[in-house]
Amino acid sequence: MEEAMSSTEQSAQNELVGGLAISQLVGEEDHDHLGGAEETGLKRKLWVETKKLWHLVGPAILSRICSATFAVVTQAFAGHLGDVELASISIVNTVILGFSFGLVTGMSSALDTLCGQAFGAKSYHMLGIHLQRSCIVLFLCCCLLLPTYIFTTPILKLLGQPHDVAVQSGLVAVWSIPQHMSFAFVLPAFKFLQAQLKPGVYAWVTMGTLGVHVATSWLFMYKFRLGVVGIAVAMDLSWWIMVVGMFGYVLCGGCPETWTGFSVKAFSGLWDFFKLSAASGVMIWYDALSPSEALY
């Protein structure tokens, strides 16, 4: 009898141990399955976020490359004219235009804050008003910077540049005034579209303009024999083509919620907008010229 009872207890213990082993095995399989599902979900989320990121930064990178290529193409054509012509184009692009472009770019950065706030608050009509205010303020700023273009020759002579280089640079600077004035419209339009997650518009416009720029530079230099004046005019045309392209997209219905037409509200609060833009302009322009930025 005792042997039978001990045998029964042993069998029950074996069944209990076997059940625990099976439960543990099943639990490990479930854990592995859940771990695999979590890993798959993480990969999917990472892929989705990466696509969103490149949807924004991809067009921005492409447009920056195309914009930088404008100056490269211009100086490449200028190099075929002579050393003085190349030096004059380089001085105007790097110093004169670089100074005004850096300042106006910084001032247009105020739209990053204002348009971002308006878009996040779903006050879509305010984006168009901020765009108009920025164009007005930057246009006035560009007008104030015109003496640096008009008096380029005496300024460069005062800084010790050779006479022929200073005179040629002054000629190029005067013919670059239209490009300088286009900054007041190109940069706000880019910020306006960027706030709405539409950087692709600027990228497509810039790529198309780059092709036009190469063609017009070749045409004005080799067919019309216009020299440095032709190269400067080609740059003027390229930048104003970008203005027409981006504003054409906005005015022709590309941004129906954020652009509701021209408004007199754009002329109100200009002083406050100017103070914010000026602060952004000086800060970003100073950072761009600081030695720490130059090292990197």
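What pattern does the protein follow when it is read along the sequence? It runs α-α-α-α-α-α-α-α-α-α-α-α. Color your view by secondary structure and you will find 12 helices and 0 strands. Here helices (H or I, at least four residues) and strands (E, at least two) are DSSP runs, numbered from the N terminus.

Before you click further, know that this is a predicted model, in which local features need pLDDT of at least 70 and side-chain atom pairs count only at pLDDT 80 or more, while totals for chains, interfaces and linings use all residues. Residues are numbered from 1 along each chain as its sequence is written, and side-chain values use heavy atoms, with hydrogens and water left out.

**Stop 1: the whole protein**

Of the 296 residues in the protein, 38% are buried. Buried means under 20% relative accessible area, exposed means over 50%, and partly exposed lies in between (1.4 Å probe, protein chains only).

Now think about contacts, meaning heavy atoms within 4.5 Å. Among contacts with a separation of 6 or more, 80% are between residues 24 or more positions apart.

**Stop 2: the largest pocket**

Which helix gives the largest share of the lining? Helix 1 does, with 6 residues. By class, the pocket lining has 10 nonpolar, 7 polar and 2 charged residues. For these classes, Ala, Val, Leu, Ile, Met, Phe, Trp, Tyr, Cys and Pro count as nonpolar, Asp, Glu, Lys and Arg as charged, and the others, Gly among them, as polar.

How is such a space found? On a 1 Å grid over the protein atoms alone, a cavity is a set of points where a 1.4 Å probe fits but cannot get out, and a pocket is an open set with protein on both sides within 12 Å along at least five of seven lines; lining residues have an atom within 4 Å of a point. Grid points are joined across faces, edges and corners, and a volume is the space filled by probe spheres set on the points.

**Stop 3: the cavity**

A search of the whole structure finds 1 cavity of 30 Å³ or more. The largest cavity has a volume of about 50 Å³. To see its lining, select Thr 74, Ile 89, Val 92, Asn 93, Leu 97, Val 172, Ser 176, Gln 179, Ile 231, Ala 232 and Met 235. Helix 2 and helix 10 (227-254) are the elements that give two or more residues to the cavity lining. Helix 2 gives the most, with 4 residues. The cavity lining divides into 7 nonpolar, 4 polar and no charged residues.

**Stop 4**

Ser 100 counts as buried because its relative accessibility is 0%. Leaving aside neighbours within four places in sequence, Ser 100 is in contact with Leu 145, Tyr 149, His 180 and Phe 183.

Next, jump to Ser 217 in helix 9. Is Ser 217 buried or exposed? At 1% relative accessibility, Ser 217 is buried. With neighbours within four places set aside, Ser 217 is in contact with Phe 77 and Ala 234. Try the distance tool, too: the C-alpha atoms of Ser 217 and Val 233 are separated by 8.4 Å, and these residues are 16 apart along the chain.

**Stop 4: two loop residues**

Most residues other than glycine have a negative phi. Select Leu 197, in the loop between helix 8 and helix 9 (199-223). Phi of Leu 197 is positive, near 60°, and Leu 197 is partly exposed, with a relative accessible area of 48%. Then select Arg 225, in the loop between helix 9 and helix 10. Arg 225 has a positive phi of about 55° and counts as exposed at 64% relative accessibility.

**Last stop: cysteines**

Finish with Cys 115, buried at a relative accessible area of 0%, and Cys 255, buried at 1%. The structure holds 0 disulfides, a disulfide being a pair of cysteine sulfur atoms within 2.5 Å.
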